[in-house]
Amino acid sequence: MLFRSEAVLIESPGTEIAERQWSESWPNPRKTQWVWERLSDELIKQLNPFGNVFFVFLDEHSYDEGNMGQHFLDFIRKRGAVWVDWDPRRKGVDFVYSDTFTHDDKNGLAVKGFGAQPARPYLLLEGEPYRGDGFRTSIWTFAMGGGHYTFHADTGQETPQTGIMGYDPRMPGGDKGMVKRDWLGHLSRFFNNTVHDLDHMTPRNELVSTGAYCLAHLGVEYVVYSKIGAPATFHVDLRDAAAKKLQGRYYDPRNGRFSDPFLIDGSTMTT
């Protein structure tokens, strides 16, 4: 416990010391701060130019962050990097991440995060299931709630070859994670390449019957996800598109394939 406590206690929160010359005579909190700052600065220099990197510090908050949390939030953002943190810091961060959530249906969690104020992009931190059909349900229910999915799988993935989260396709005997990557790819392509105007979509579950979830730009575009085990038919309220003909397609999240398109009268659709 002593080591854990010292590892998260720094000398001068709010005042950077990374440019000072190291001294073995320093007290431990100053040494800890210097090491963390130098490491963080180097990571930013090497990774931030990629443009698709965000930074998070002591992410789960299932342990004490000491007196470092706000200091490194400011340290990272001052250098133009994207910072992600938990909901209590929502006002001062770029993205917010969810609690750790272990159920396969994560829609309610995502909807809550989507609607919180001030508005911030909402990321799934982690949570089982990491394997099987439940994983597919997990990623789709969270996305249908307006959230962004990150696959942070750290349970039940270990092998002697790869260790935690080791999905190297060249590693003999390792968990290559190919099916899960395929399902993530189908999800990503659907929302990024198929949905016409995702920025105007909001969770509108009141428009669909039990067992389904809906994202909608009312009167313009609707996405409905029917969960595994849900009734074979569902209802969608399309009265906001009453004067229109909408084009519909069914999408299989297991293989990323669409059915042939069909036309729908704006009204209440049963399918």
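Predicted model: local features only at pLDDT ≥ 70, side-chain atom pairs only at ≥ 80, totals over all residues.
Student: What makes E5 and E7 the edge strands?

Tutor: The open sheet runs E5-E6-E7, with antiparallel pairing. Strand E5 (202-203) and E7 each pair on one side only. As for what a strand is, DSSP runs of E with at least two residues count, and helices are runs of H or I with at least four, numbered from the N terminus. On that basis the protein has six helices and 13 strands.

Student: Why is the Trp-36 and Phe-57 pair called edge-to-face?

Tutor: Rings of Phe, Tyr and Trp (its six-membered ring) pair if their centres lie within 6.5 Å; planes under 30 degrees apart are stacked, over 60 edge-to-face, and the rest tilted. Here the centres are 5.0 Å apart and the planes at 75 degrees, so the pair is edge-to-face. It links distant parts of the chain, 21 residues apart: Trp-36 is in helix H2 (residues 28-47) and Phe-57 in the loop between strand E1 (54-56) and helix H3 (69-78). By this rule there are 20 aromatic pairs.

Student: Why does Phe-57 count as buried?

Tutor: Buried means under 20% relative accessible area, exposed over 50%, and partly exposed in between (1.4 Å probe, protein chains only). Phe-57 has 11%, so it's buried. Trp-36 has 27%, so partly exposed is its label. Of the 271 residues, 41% count as buried.

Student: How do you know that the charged end of Arg-249 sits over the ring of Phe-258?

Tutor: The rule wants NZ of Lys or CZ of Arg within 6 Å of the ring centre and within 35 degrees of the ring normal. The charged end of Arg-249 is 3.8 Å from the centre of the Phe-258 ring and counts as sitting over it. Arg-136 does likewise over Trp-183, at 4.7 Å. Phe-258 also belongs to an aromatic cluster, with Trp-140, Phe-190, Phe-191, Tyr-225 and Tyr-251.

Student: Why does Arg-89 count as buried?

Tutor: Its relative accessibility is 14%, so Arg-89 counts as buried. Arg-89 is found in the loop between strand E2 (82-85) and strand E3 (95-97).

Student: What makes a polar contact with the side chain of Arg-89?

Tutor: The side chain of Glu-65 does, at 2.4 Å. The cut-off is a pair of N or O atoms within 3.5 Å; within protein, one must be able to donate a hydrogen and the other to accept it, and residues adjacent in sequence count only if both atoms are side-chain atoms.

Conventions:
Residues numbered from 1 in each chain as written. Heavy atoms only, no water. Pairing = 2+ DSSP bridges.
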